[in-house]
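Open the model in your viewer and keep the selection panel at hand. The tour goes from one selection to the next.

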Amino acid sequence: PLVRFVARRRQRRLEARLRAVGDGRAAQRAAYRFLLGRLAATEIGRLHQLAPTLGYDDFRVRVPLRASADFHAFAARMAGGVEDVLWPGACGHFVYTAGTVDGRPRMLPATPDLQAHLRAAVSA
């Protein structure tokens, strides 16, 4: 009964948030512009000539799909203290994947922005 109560409460909160946003497209566009603006100031953003005004179709053309292994060198540089590589600022925390795809764990940056986002998501 307690689990059901908590689940219903969370569901009602989520439904209220979704109703407040409307169809969500404007919120998605705003989030895209905000994140792209942050990304443009990084090494990866400069590499792909990103800008906050870049349209999604142009983004898809400029930024190729990559395997997670392709990010190892970037993450290693971030672990070495280099700032503004994959995300603005320095990153002092890293997590490791379980390595379930190929048996090798991969190091992933856990930036302060990501940590704040996850904390907010858990408390929502």
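A salt bridge here is a side-chain nitrogen of Lys or Arg within 4 Å of a carboxyl oxygen of Asp or Glu. This is a predicted model, and by that rule it has two salt bridges.

Select Asp113 and Arg38. Their side chains form a salt bridge, with 3.0 Å from N to O. Asp113 belongs to helix H6 and Arg38 to helix H2, so this pair ties together parts that are 75 residues apart in sequence. Asp113 is partly exposed, at 34% relative accessible area; Arg38 is also partly exposed, at 26%.

Next, select Arg77 and Glu43. The closest N and O atoms of this salt bridge are 2.6 Å apart. Arg77 lies in helix H5 and Glu43 in helix H3 (residues 43–47), so the pair links parts that are 34 residues apart in sequence. Arg77 is partly exposed at 34% relative accessibility, and Glu43 is partly exposed at 25%.

Helix H2 (25–40) and helix H6 (112–123) each give two or more residues to its lining. Which classes of residue make up the lining? Seven are nonpolar, two polar and two charged.

Last, select Leu39, Ile44, Leu50, Phe74, Met78, Val85 and Leu86. Of the 13 residues in the largest nonpolar core, these touch the most other members. H2 gives the most to this core, with three residues.

Key. Residues are numbered from 1 along each chain as its sequence is written. This is a predicted model: local features need pLDDT of at least 70, side-chain atom pairs count only at pLDDT 80 or more; totals for chains, interfaces and linings use all residues. Side-chain values use heavy atoms; hydrogens and water are left out. Helices (H or I, at least four residues) and strands (E, at least two) are DSSP runs, numbered from the N terminus. Ala, Val, Leu, Ile, Met, Phe, Trp, Tyr, Cys and Pro count as nonpolar, Asp, Glu, Lys and Arg as charged, and the others, Gly among them, as polar. A nonpolar core is a set of buried Ala, Val, Leu, Ile, Met, Phe, Trp, Tyr and Cys residues joined through side-chain atoms within 4.5 Å. Buried means under 20% relative accessible area, exposed over 50%, partly exposed in between (1.4 Å probe, protein chains only).
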